[in-house]
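Subject: Handing over a structure, with notes

Dear colleague,

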Amino acid sequence: MGGLVLDVIIAYLIKSALRLRRAWGSSKWQRVQAKVDSSWLGGGWVWNCPTAEVAYTYEFAGQTYSAIDSNPFFLTETAKGQVERFRPGKAAIVRVNPVQPTRSVLKQADQ
């Protein structure tokens with residue numbers, strides 16, 4: 001049991017660090033409206049940390065882009081709540097890197 005909890009903590013820390021790296025500097029990026037295409041609860045046995053996955057599409061400078069946001073959680077119920085919050089067809093605000101518009105991030109503070 002203790003090993004399983006440790007696995008979740010390690011997976012959470014790794015996923016959080018990767019998410020932080022992807023979002024680094026995004027506070028200055030342009031906000032645009034996106035459309036949620038799908039959302040699901042990820043994780044599994046390899047990365048056994050509950051993760052809310054949100055796929056979305058957005059337009060920037062006349063081009064259409066798609067991305068997937070992965071947000072790790074300690075508790076499955078919290079991750080499920082995040083998945084429910086971003087239902088397909090709903091609008092979301094994403095931050096887009098103006099220099100590299102294929103890079104975007106979905107921040108909770110913008111919603």
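The notes go from the whole chain to the sheet and then to single residues.

Please keep in mind that this is a predicted model, in which local features need pLDDT of at least 70 and side-chain atom pairs count only at pLDDT 80 or more, while totals for chains, interfaces and linings use all residues. Residues are numbered from 1 along each chain as its sequence is written, and side-chain values use heavy atoms, with hydrogens and water left out.

**The whole chain**

The protein chain has 2 helices and 5 strands, where helices (H or I, at least four residues) and strands (E, at least two) are DSSP runs numbered from the N terminus. Read from the N terminus, these elements follow the order α-β-β-β-α-β-β. The radius of gyration, which is taken over C-alpha atoms, is 15 Å, close to the 13 Å that the globule rule gives for 111 residues, so the chain is as compact as a globular protein of that length; the rule itself is 2.2 Å times the number of residues to the power 0.38. Along its principal axes, the C-alpha trace spans about 50 × 25 × 20 Å.

Of the 111 residues, 39% are buried, a word that stands for under 20% relative accessible area, whereas exposed stands for over 50% and partly exposed for what lies in between (1.4 Å probe, protein chains only). The chain exposes about 6,800 Å², and carbon and sulfur atoms supply 60% of that area; accessible areas come from the Shrake-Rupley method with a 1.4 Å probe, and for residues only the protein chains shown count as cover. Among the contacts (heavy atoms within 4.5 Å) with a separation of 6 or more, 60% are between residues 24 or more positions apart.

**The sheet and a helix across it**

The strands form an open sheet of 5 strands in the order β3-β2-β1-β4-β5, with antiparallel pairing, and its edge strands are β3 (63-72) and β5, each of which pairs on one side only. Two strands are said to pair if DSSP finds at least two bridges between them. Strand β1 (residues 30-42) is joined to strand β4 (residues 91-96) by 6 bridges, and within β4 it is Ile93 that stands opposite Gln33. On another side of the pairing scheme, 8 bridges join β1 to β2, with Trp40 opposite Glu53 in β2. Strands β2 and β3 pair over 10 bridges, and there Glu53 stands opposite Ser70 in β3. Strand β2 is mostly covered, since 8 of its 10 residues are buried.

Helix α2 (residues 76-85) lies across β1, β2 (51-60) and β3, and runs at about 130 degrees to β1; here axes are lines fitted to C-alpha atoms, for helices over the stretch in contact, and angles run from 0 to 180 degrees between N-to-C directions.

**Single residues**

Ala61 is found in the loop between β2 and β3, a hairpin with 2 residues between the strands. Its phi is near 55 degrees, which is a positive value in a residue other than glycine, and Ala61 is exposed, with a relative accessible area of 70%.

Ser104 belongs to strand β5 (residues 104-105) and is buried, because its relative accessible area is 16%. Its side chain is joined to that of Tyr56 by a polar contact of 2.6 Å. A polar contact is a pair of N or O atoms within 3.5 Å; within protein, one must be able to donate a hydrogen and the other to accept it, and residues adjacent in sequence count only if both atoms are side-chain atoms. Leaving aside residues up to four places away in sequence, Ser104 touches Trp29, Tyr56, Tyr58, Ala67, Arg95 and Val96.

With kind regards
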